[in-house]
Amino acid sequence: MMNKKKTILSALAAGLTLSTVLAACGGDDNEGGSSNGEGGGEGSDFKVAMVTDTGGVDDKSFNQSAWEGLTKFGEDNDLTENEGFKYLQSAKQADYQPNLQQLARDNFNLIYGIGFLMAEDVKKVADQFPDNNFAIVDMVVDAPNVASITFKEQEGSFLVGVIAGLSTTTDKVGFIGGVESDLIKKFENGFKAGVMAVNPDATIDVKYAEDFNSAEKGTAIASGMYGSGSDIIYHAAGGTGVGVFTEAKNRKKNGEDVWVIGVDRDQYEEGLPEDVTLTSMVKRVDTATYEVSKQTMDGEFPGGEIIEFGLKDEGVGIAETSDKHVSQDILDKVEEYRTQLVDGELTAPATDAEFEEFMKNVK
Amino acid sequence: MLNIRKEFGTFVANDNITLQLRKGEIHALLGENGAGKSTLMNVLFGLYQPEGGEIRVHGKKVDIENPNIANELGIGMVHQHFMLVEKFTVTENIILGLEPKSGVTIDRDTARKKVMEISEQYGLKIDPDAKIEDISVGMQQRVEILKTLYRGADILIFDEPTAVLTPQEIQELIQIMKRLIAEGKSIILITHKLKEIMQVADRCTVIRRGRYIGTVEVDETVNEDSLAEMMVGREVNFAAEYSKADPQQVVLDVQGLVVKDSRGLKVVEGLDLQIRAGEVLGIAGIDGNGQTELIESISGLKKPESGKVLLNGKDVTGHTPRKMTEAGIGHIPQDRHKHGLVLDYSIRDNMVLQTYYKEPFSKRGLMNYKAVAEKAKALIEKFDVRTPSIDVAARALSGGNQQKAIIAREVDRSPDLLIAAQPTRGLDVGAIEFIHEQLIKEREKGRAVLLISFELDEILHVSDRIAVLYEGKIVGIRDPKETTEQELGFLMAGGQRGDETE
Amino acid sequence: MKKLSLNQLLIPFLSIILGLLVGAIVMLIGGYDPVQGFISLFNGMFGSPYAIGETLRAAAPLIFSGLAVAFAFRTGLFNIGVEGQVLIGWVAAVYVGINFDLPMFIHLPLALLAAMLAAAIWAFVPGFLKAKFYVHEVITSIMMNYIALYTTNAILRNIIGVTNERTDSINESASLASPWLQELTTFSRLHWGVLVAVLAAIVYYYILQRTTLGYELRAVGFNKHASQYAGMSVNRNIVLSFVISGMFAGLAGAMEGLGTFGSMTLSASFTGVGFDGIAVALLGANTAIGVVLAAILFAGLNIGGLAMQLGANVPSELVKVIIAAIVIFVASGYAINYVIDKLKGNRKKGVEKK
């Protein structure tokens, strides 16, 4: 909420006039005219927008990341916030559809639905507004005017798994998922495979919070895992992960040597000041939104296509800050595996079945 | 207090009322419920600010903005509902808020000594170390009086002080009041009991509907009837003689009844009682001797531990209230607001509270409000319930009219047994008269009437037989014509046992 | 129905106006233009067929949850458990919607009935505990909410077999969705549930005001002591009231499960529909018509709030401020009454002085 406010206030500070189609409907003609003139002066009338899921644009995770991508795109192309690029917040699941529809009605050229929960809504609205372009993140929607953006999270997770497997001193690591689903399974299985590839003796404690927004649950589960001997926890749990950091910081303050592996964005800062972030599995939603926006503006909207961002495209990877706590030896090992994955010599497992298959090969 | 005026919104509670209290007198303030007595006293005590008039103490005009100023001026109030901390001792209660200190701790010895001094000076005997919860109501009242004296009050306001006392305690209180004025205090006595005024008051100020009627010297020239007339504004047939009863067969037969109260204590212990058709049986007793539980077990609200309740010879022990009602019991509860009426329901809806599920009021699960309205109209007409319409919420009616409505409803079902628990509590003289007449009327129709009241006058006045209840047992049955208040009071206080012959 | 006194109407209306005023002040402080904000808010609520459609769509579950809370209120009970009952009703409706294949005229009513019954059973628990063991219904019904939340998740995972956070869509034969209504309102999600909700409001009125049961329930609600003295079974009424309240709540869940979404999502937090019902009942003064109007208002504010983001760049959270302010003003209706009385009194006094 605070951040959001800040975003909007900073937009105001930038001297933008607030004027909208609806206000014009309300009989406020003057301003509408002037803002049109302004827009024209920028030399571009491309409009792109995104609808957040219930996590909101300040979720320190993929909503925020997606918005960062759009913001960068907007700035690079001299678009103005709220005019040329914009986000709409969803407080409830029921808000997804009206938000998408509003933007379509308002003739945004490209509309992102962030998060796979929005898939059905995107599908429906895309059918209703065949002339608009849509994009969905983390899910495949089969429609000619929808671009589906997915990531090979298992590849990035594999790499942080390698780091965890080589860094653990207790031979025990943990994984905390948000809500069990095919998507989060990709994180889990990739991670497990990475750990096992370098440290077959390690045990991996896997737990799901069944919740993406409960820091308390994150704290409770992390407490259990650290308590039973895990020294590194990889979380793929959104807001629930905040609690994992809290627990790790408390333990670090008491002298325990515990670590967290962040997810989606570089979560180095979340680990401060106790400095508990070992590394982060970075999922470049921002790159994706930037790229797809650019393609669309250039008239090459990948409608109906599935765009998969993996290690090769630098859509996933480990955070740049990894060298702060991870030794060069380990990073060299990571680079080794990275090359293998990019070259296709090795495949990171995404599903439980693939993981089992993977394990057969390890043994 | 001169020309006091107090308004609440558009309602004028006190209109130009003057009350002059002389030093060393007992001045009665007489008026019906709702006449404005309490408002006037609250103005004097600083709880309300008057819209007009002025208050003078010892000739000096004063502004009593809050009770603290009243205290400083030597005005003390003995509340009707005692303001005491149950778990504290007598001394602690008296000194509460004005504790003598030694350093930061309370100087108990000094406090105790001072309390004893005052107690002896005014002849208010108490045990300074007893806890409030262990002493009688009369004693608690003494503590209240001592509290005001401890704070140096010269003017004492007694708000309906006798309402909770036994006849003996009332006599003691009267002695205390006389002693107080002998010691130079002045007393305002708020009451609607004429007898007390005749007994103790020097002068009496009467107010009616917020207006000042007059102040009279209480001497040979006035009597209860003339005071009542001033209070009500018309002539009152104060002590109507009712015809003699003609008792028939036994309607209610209670045998060896044992009932526990909500705390699990046995409060009715082996009670036997018979009521016949065509008589009014009055139950005299001090509050808390098992009256409530007796009524509750007869009306089905509470299951007795043991014993039997027979109605017209049939065993109805422990039946539900509905079965009891259907078996022929009508019940005028002691608390009409809590138990007698659904205050937020209209008068119309209140009239079928027991019978709503029967034809013609209910058919196939649907209410026939037309039939209900007809019934209600007929009843309010017959029983002279004053209400602007049947759609008015019961809450809006005066106490007297609420009680009339309840009686109308209960009597209309022609119950064989009518239980009337404190049916006139808080009502004015006119309404009391009406309700007593209704009870007698029922008796004359051959019903059995069980009257429970804490007012001995009422019991003596209406009953054909009086059963005295003490600690859950009937300790004596007396003929009202042959007994005296003193004898009953003695029995009520547990003075005599074993005399259970009829 | 009893005639509404002026004050009864005055308080809700005054509260709404004051609530909007608070919203305007907050907008000014935040540096937004309240005029533009309100224009886009109102346009987003009722300004187009689409807006009306979405507002009514969002109102349907609120009407039900409002009726559920109000029904219990009218009988002297505080059912905070509506939220949990909504979830249970939702999951039951979706279960029937997915797992049966029947003609619509059987399937849809069956799904609605399942929602009602499941939620009624859920609501029976606090009612029973109160009647039998005098456990306060507020405590038990709150706890039942949490049990409901985790139970529904367990059911979704283990019985309905959700692997990806969301169930499959229900079969069309159990759906309240209407392409015709959607088209009429240019692609809103308006569904037939709104009609069911209005029907339920009429049933609510009918039960309370016309039936013998309603007479009894209201009497117990106003004064359980007097009702007991008059021979009514207070305990039976408590249980019944909870069960009926639960049925309304269950249908609120069915609105979401069979109407808006046609599915159910694993959720770790409450839907809010049940809690909003408390506000709706409060503003609607527990009357049928009041609940319907209050539900439409709150639904409209929520929907309009989304439009406000786009139309005036005002965060949609602002409508939460407005709604909260309205609720506070209604709840402090006594205070408002006091002020009104005081003003009247002063006026009179002033006249007298002249």
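I call two strands paired if DSSP finds at least two bridges between them. Strands (E, at least two residues) and helices (H or I, at least four) are DSSP runs, numbered from the N terminus.

Before going on, I noted that this is a predicted model, where local features need pLDDT of at least 70 and side-chain atom pairs count only at pLDDT 80 or more, while totals for chains, interfaces and linings use all residues. Residues are numbered from 1 along each chain as its sequence is written, and chains are lettered from A in the order in which they are written.

Entry one: strand S10 of chain A. I found S9(A) (residues 259-264) running parallel to S10(A), joined by five bridges. A:Gly262 sits opposite A:Ser280 of S10(A). I also looked up S12(A) (residues 316-318), which pairs antiparallel with S10(A) over three bridges; there A:Val316 is the bridge partner of A:Lys283. Seven of the seven residues of S10(A) (277-283) are buried, so the strand is largely enclosed by the rest of the structure. Buried means under 20% relative accessible area (1.4 Å probe, protein chains only).

Entry two: chain C against chain B. I read 23 residues from chain C and 27 residues from chain B in the contact (heavy atoms within 4.5 Å). How many salt bridges are there between chain C and chain B? The count is zero, taking a salt bridge as a side-chain nitrogen of Lys or Arg within 4 Å of a carboxyl oxygen of Asp or Glu. On the chain C side, I saw that helices H8 (193-210), H9 (212-222), H10 (224-229) and H15 (333-353) each give two or more residues. H9(C) gives the largest share, eight residues.

Methods: Heavy atoms only, no water. Buried < 20%, exposed > 50% of the residue type's maximum accessible area, 1.4 Å probe, protein only.
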